[in-house]
Amino acid sequence: MPHILIVEDETIIRSALRRLLERNQYQVSEAGSVQEAQERFSIPTFDLIVSDLRLPGAPGTELIKLGQGKPVLIMTSYASLRSAVDSMKMGAVDYIAKPFDHDEMLQAVARILRDRQSAHTTAAEPSAAKAANGAGKSGVDNSNGEIGIIGSCPPMQDLYSKIRKVAPTDSNVLIQGESGTGKELVARALHNLSKRAKAPMISVNCAAIPESLIESELFGHEKGAFTGASAGRAGLVEAADGGTLFLDEIGELPLEAQARLLRVLQEGEIRRVGSVQSQKVDVRLIAATHRDLKSLAKIGQFREDLYYRLHVIALKLPALRERGADVNEIANAFLARQSARINRTDLKFAADAEQAIRHYSWPGNVRELENAVERAVILSESPEISAELLGIDIELSDLDDDDFIGLAPQQGGANNTSHEPTEDLSLEDYFQHFVLEHQDHMTETELARKLGVSRKCLWERRQRLGIPRRKTGVASES
C-alpha cells in the first residue's frame with residue numbers, strides 16, 4: 001500500500017485530504033509544516049509527498065530536496081500558479097490548483113505513483129528490455145511502455161508510431177477524439193518523448209475557466225488592467241516557456257482569446273492583458289478537442305486561420321468501442337489497480353462480465369470503463385465480478401454468440417435464402433449479416449424483435465457498424 005505524506009497548515013484541508021486518500025486505500029501521514037515533517041518522519045521513506053506551496057516557515061518546495069528524489073506534488077491557489085510552475089522547474093513532479101476536485105486529486109496521485117513504478121521497473125530490468133528489443137521485432141506490442149497507454153489494436157499501433165515520429169519535433173499537434181478517450185495521455189506522451197521533457201508541461205482545460213478570466217489566465221495581466229487586478233501576474237502561456245502548453249477542449253476558447261493565441265503561434269510572443277509591451281515565449285502547443293473545429297470554423301465559431309495553425313499534425317484517438325480486444329486489456333489493468341487499493345488478489349471478471357465489457361458500446365469511453373470497474377470492485381462480495389456489478393446498460397452485451405445465433409428467423413419462403421450462421425460467425429458479424437439480409441422486407445420493429453433487442457439498441461448498433469437504415473421499402477415505417 002503506497003504511503004503518502006501530506007504537508008498542509010490548514011487543518012480542515014489536511015483532514016479532508018487524508019480521509020479522501022485513506023478511503024482510496026492509501027496509507028497517510030500528515031504534518032502542518034516542513035519543520036514538523038522533518039521532526040516526525042523520515043521523509044525519503046514515503047512514496048509520495050503532497051504539500052501546500054505556502055507554509056509557515058520553509059515553503060513546500062523544501063520537501064523536494066528533503067525527499068531525496070521522492071515525487072512531490074505541490075498544491076497551490078490560482079493566485080500563485082506562477083510560483084507552482086517555478087516549483088516544477090525546481091523538481092516538483094506536478095502541481096494541482098486549489099480548490100481541487102476529489103477525482104482530480106485521486107487521478108494525479110494515481111498517475112504519479114504509476115509513473116514512478118514504471119520508471120523503477122524500467123530501471124531495474126535493462127537486460128530484459130534489451131532482450132525484448134531483440135526478440136520483439138515481429139511482436140504486436142513491441143513495448144509502448146514509454147508512451148504509457150494500454151492497448152495494441154491496429155489503430156493504436158498506428159497512433160504510437162505517429163507519436164514517436166512527432167514527439168521529437170516542435171510542430172503543433174491537434175489531438176481529436178471523443179470525451180474520455182485519453183487525449184491528455186497522448187499529450188503527456190508527446191511531451192515526455194520530446195526534447196522539452198525536463199521543462200514543465202502546463203495543462204489547461206479551456207472549458208473549465210470562466211470566459212471572463214480565460215485571457216488573464218492564459219496570457220497574464222498588468223496591475224490595474226481590470227477591476228480586482230491589484231498586481232501584475234504571469235499567465236499560463238508564459239509559465240510554459242521552454243516547455244509544452246496543452247490546451248484541452250480548445251473548441252471552447254472564446255474568439256478574443258483565439259486571436260491572442262494565434263499571435264503566440266505566428267510570432268512566438270505574448271502581450272499581457274493591459275500591457276503595451278510584448279515578450280517572446282518558446283512554447284510547443286498541443287491542443288485537444290472532441291468537436292469538429294473545421295465545421296466550427298465554417299460557421300464562424302472558431303478562427304479558420306487558427307485551425308490551420310493547429311492542424312499541422314492531427315492525431316485521431318479511436319473510441320473505446322473501436323478498439324476490439326483492447327477494452328478487455330484495459331479493464332483488466334483497471335481491475336488490477338483497484339484490487340491493489342483494497343488489498344485483494346482474488347478478484348477476476350466472470351465470463352458474462354468479460355463479454356459485457358467487450359460488446360458494450362462505452363459511450364463514455366475509457367473514463368466510463370474505469371468508473372464501472374471501480375464500482376464493481378467495491379461492490380463485489382465474491383472473487384468473480386459479474387456483469388451486473390458493472391452497472392452498465394447491457395442490451396446486446398448480455399447475449400453470448402450462441403444465444404444470439406439462436407434468434408435466427410424461423411419463417412419460410414424468402415427468409416430461408418439467408419446464410420445460416422456458423423460457429424465462426426461472431427455476434428457482430430451475425431448482426432450485420434441478419435440486418436443486411438432482411439432489412440428490405442422487415443420493418444425496424446420486426447428486425448429488433450427478431451434480434452431480441454430494443455429499437456434503440458438496433459439503431460445504435462447500425463451506427464457503430466456503419467449500416468445505414470433504408471429509407472424506402474418496408475423498413476421505412478413511420
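These are my notebook entries on a predicted model of one protein chain.

**Ground rules.** I number residues from 1 along each chain as its sequence is written, and my side-chain values use heavy atoms, with hydrogens and water left out. The model is predicted, so local features need pLDDT of at least 70 and side-chain atom pairs count only at pLDDT 80 or more, while totals for chains, interfaces and linings use all residues.

**Entry 1: the whole chain.** I started with the overall make-up and found 20 helices and 14 strands. Helices (H or I, at least four residues) and strands (E, at least two) are DSSP runs, numbered from the N terminus. Next I looked up burial: 46% of the 478 residues count as buried. Buried means under 20% relative accessible area, exposed over 50%, and partly exposed in between, with a 1.4 Å probe and protein chains only. I also checked contacts (heavy atoms within 4.5 Å). Among those in the chain with a separation of 6 or more, 67% come from residues 24 or more positions apart.

**Entry 2: H7 and H8.** Two packed helices are described by the angle between their axes and the distance between the axes. Axes are lines fitted to C-alpha atoms, for helices over the stretch in contact, and angles run from 0 to 180 degrees between N-to-C directions. I took helix H7 (residues 154–166) and helix H8 (residues 183–192), which pack at an angle of about 40 degrees with their axes 9 Å apart. H7 and H8 are therefore oblique to each other. For the cut-offs, under 35 degrees is roughly parallel, over 145 roughly antiparallel, 65 to 115 roughly perpendicular, and the rest oblique. Which residues of H7 and H8 make the contact? I found Leu159, Ile163 and Val166 on H7, and Val186, Ala189 and Leu190 on H8. By class, that contact of H7 with H8 has 6 nonpolar, no polar and no charged residues. Here Ala, Val, Leu, Ile, Met, Phe, Trp, Tyr, Cys and Pro count as nonpolar, Asp, Glu, Lys and Arg as charged, and the others, Gly among them, as polar.

**Entry 3: Ile147.** I then turned to Ile147, in the loop between helix H6 (126–135) and H7. Is Ile147 buried or exposed? At 5% relative accessibility, Ile147 counts as buried. Leaving aside neighbours within four places in sequence, I see Ile147 in contact with Tyr160, Ile163, Arg164, Ala189 and Leu193. Ile147 and Val186 are 39 residues apart in sequence, yet 7.8 Å apart in space, C-alpha to C-alpha.

**Entry 4: H14 and H15.** The contact joins Val327, Asn328, Ala331 and Asn332 of H14 to Glu354, Ile357 and Arg358 of H15. I sorted these residues of H14 and H15 into 3 nonpolar, 2 polar and 2 charged.

**Entry 5: Pro363.** Pro363 sits in the loop between helix H15 (351–359) and helix H16 (365–379). With a relative accessible area of 52%, Pro363 is exposed. Apart from neighbours within four places in sequence, Pro363 is in contact with Glu178 and Glu368. I also noted that Pro363 and Ser179 are 184 residues apart in sequence and 8.8 Å apart in space, C-alpha to C-alpha.

**Entry 6: His438.** Last, I looked up His438, which is in helix H18 (residues 427–438). His438 is buried, with a relative accessible area of 2%.
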